[in-house]
Every structure is written in structure tokens, then in C-alpha cells.
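Me: I have a structure open and would like to talk it through with you. Could we take it one question at a time?

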Amino acid sequence: MIKEAPKTIKYGRCFRLKLKQEIRNGYLNLSKYKFGLKAIESGWIDSVQLNSLLRVMKVLLEKKVIIKLNCSLIIPITKKPLETRMGSGKAERKFWKCPVRKGMILFEIGNISDIEAVNIIKIIAYRLPFLSKMIKLKY
């Protein structure tokens, strides 16, 4: 399970990011492991969604299977209560999100057979709020 907030943060509050539809250089190819899940669209992953993905992976995968997670909660989202008046600065941090850009690999899985990997990644991709596809490392 992922903690709600990161250990250290540089800025307490930040502006809302606009996710551009361009492919970034980081996390575009599988680094070590055989299977991965690649984002086809840009979007956001909430801390609740990330925890549910990890919970499903823990239930479906065995202990010997290796999981490498490439997304982390780095953007704090602020929210004011409904009945407050205008002004008085920016609100407190309510929750954290992870920006996912088109073409980014979300996670990688190793030490697993082909059939099991296809079934598990289909279940995990169904829980994401944007389109994604399974990729396989070619030797």
C-alpha cells in the first residue's frame, strides 16, 4: 500500500498541470522485465486508484513475481470547503495525484508466464481511468 503523502516535498502547493499530448522521454521502453502496461492516453492516477491497483496485483500475483512501479504521487491537489468566503489564500492539501502522459509505462512485471500476464494486465487495465495496453519485451 502506498502512503497518502510523499516523505519530502519541495513545494507545498502547486498550480494545476495541463497534460500535453506529447510522448516524454522517461519510461517509454521496458527496462528490465518482460511485460508492462503502457498508457495510450494522458490522464491522472489518484492515490485511491493506485492503492486498488496494488491490492489487485497482490491478490492475483504470486510472491516470486517482480513488480516495478514507475508512477509516484507527486502533485498535491488542494480543495477549499464549500461554505468558505473568497480570499484567505490557497487551501490545504486534500489528496495527491500522479500525472500520466501518453506513452508512459506505468509498471513492469517479471518472472511470470505469458498467459497469466495477459489475464492479470487486462484486469488491471480495466481499473484505470484512461486507455492502456499491454506491451512485451522482444528479445
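**Salt bridges and surroundings**

Reply: Happy to! Let's begin with Lys34, which counts as partly exposed because its relative accessibility is 28%. Keep in mind that this is a predicted model.

Me: Thanks! Which residue meets the side chain of Lys34 in a salt bridge?

Reply: Lys34 sits in the segment before E1, and its partner lies in helix H2, so the pair ties together parts that are 80 residues apart in sequence. The N to O distance is 3.4 Å.

Me: What other residue forms a salt bridge with Asp114, and how far apart are the closest N and O atoms?

Reply: Here the partner is Lys136. Asp114 is in helix H2 and Lys136 in strand E7 (residues 132-136), so this pair ties together parts that are 22 residues apart in sequence. Lys136 is partly exposed, with a relative accessible area of 42%. Between Asp114 and Lys136, the closest N and O atoms are apart by 3.3 Å.

Me: Which residues are linked in a network of salt bridges?

Reply: A search of the whole structure finds three salt bridges. One of them joins Glu62 and Lys64, with 3.6 Å between the closest N and O atoms. The network, though, is made of Lys34, Asp114 and Lys136.

Me: Now to helix H1: what span does it reach from its first C-alpha to its last?

Reply: H1 covers residues 47-60, which makes 14 residues. At 1.5 Å a residue, the expected value is 20 Å, and the helix comes close to that. Its span is 20 Å.

Me: Which helix is included in what covers the buried residues of H1?

Reply: The buried residues of H1 include Leu50, Leu53, Leu54, Val56 and Met57. Their cover includes four strands by name, E2 (43-46), E3 (66-69), E5 (93-100) and E6 (105-110). The helix included with them is H2 (114-126).

Me: Is Val59 buried or exposed?

Reply: Val59 is found in helix H1, and together with Leu60 and Ile123 it makes a nonpolar surface patch of about 270 Å². Its relative accessibility is 65%, and the cut-off is over 50%, so Val59 counts as exposed.

Me: What is the distance from a polar atom of the side chain of Ser42 to the backbone nitrogen of Lys102?

Reply: Ser42 lies in the loop between strand E1 (35-39) and E2. Ser42 counts as buried, because its relative accessibility is 16%. The distance to the backbone nitrogen of Lys102 is 3.1 Å.

Methods:
Residues are numbered from 1 along each chain as its sequence is written. This is a predicted model: local features need pLDDT of at least 70, side-chain atom pairs count only at pLDDT 80 or more; totals for chains, interfaces and linings use all residues. Side-chain values use heavy atoms; hydrogens and water are left out. Helices (H or I, at least four residues) and strands (E, at least two) are DSSP runs, numbered from the N terminus. The expected span of a helix is 1.5 Å times one less than its number of residues. Buried means under 20% relative accessible area, exposed over 50%, partly exposed in between (1.4 Å probe, protein chains only). Contact means heavy atoms within 4.5 Å. Patches are made of residues with over 30% relative accessible area and no salt bridge: like charges are joined within 9 Å, nonpolar side chains (Val, Leu, Ile, Met, Phe, Trp, Tyr) within 5 Å. Accessible areas come from the Shrake-Rupley method with a 1.4 Å probe; for residues, only the protein chains shown count as cover. A salt bridge is a side-chain nitrogen of Lys or Arg within 4 Å of a carboxyl oxygen of Asp or Glu. A polar contact is a pair of N or O atoms within 3.5 Å; within protein, one must be able to donate a hydrogen and the other to accept it, and residues adjacent in sequence count only if both atoms are side-chain atoms.
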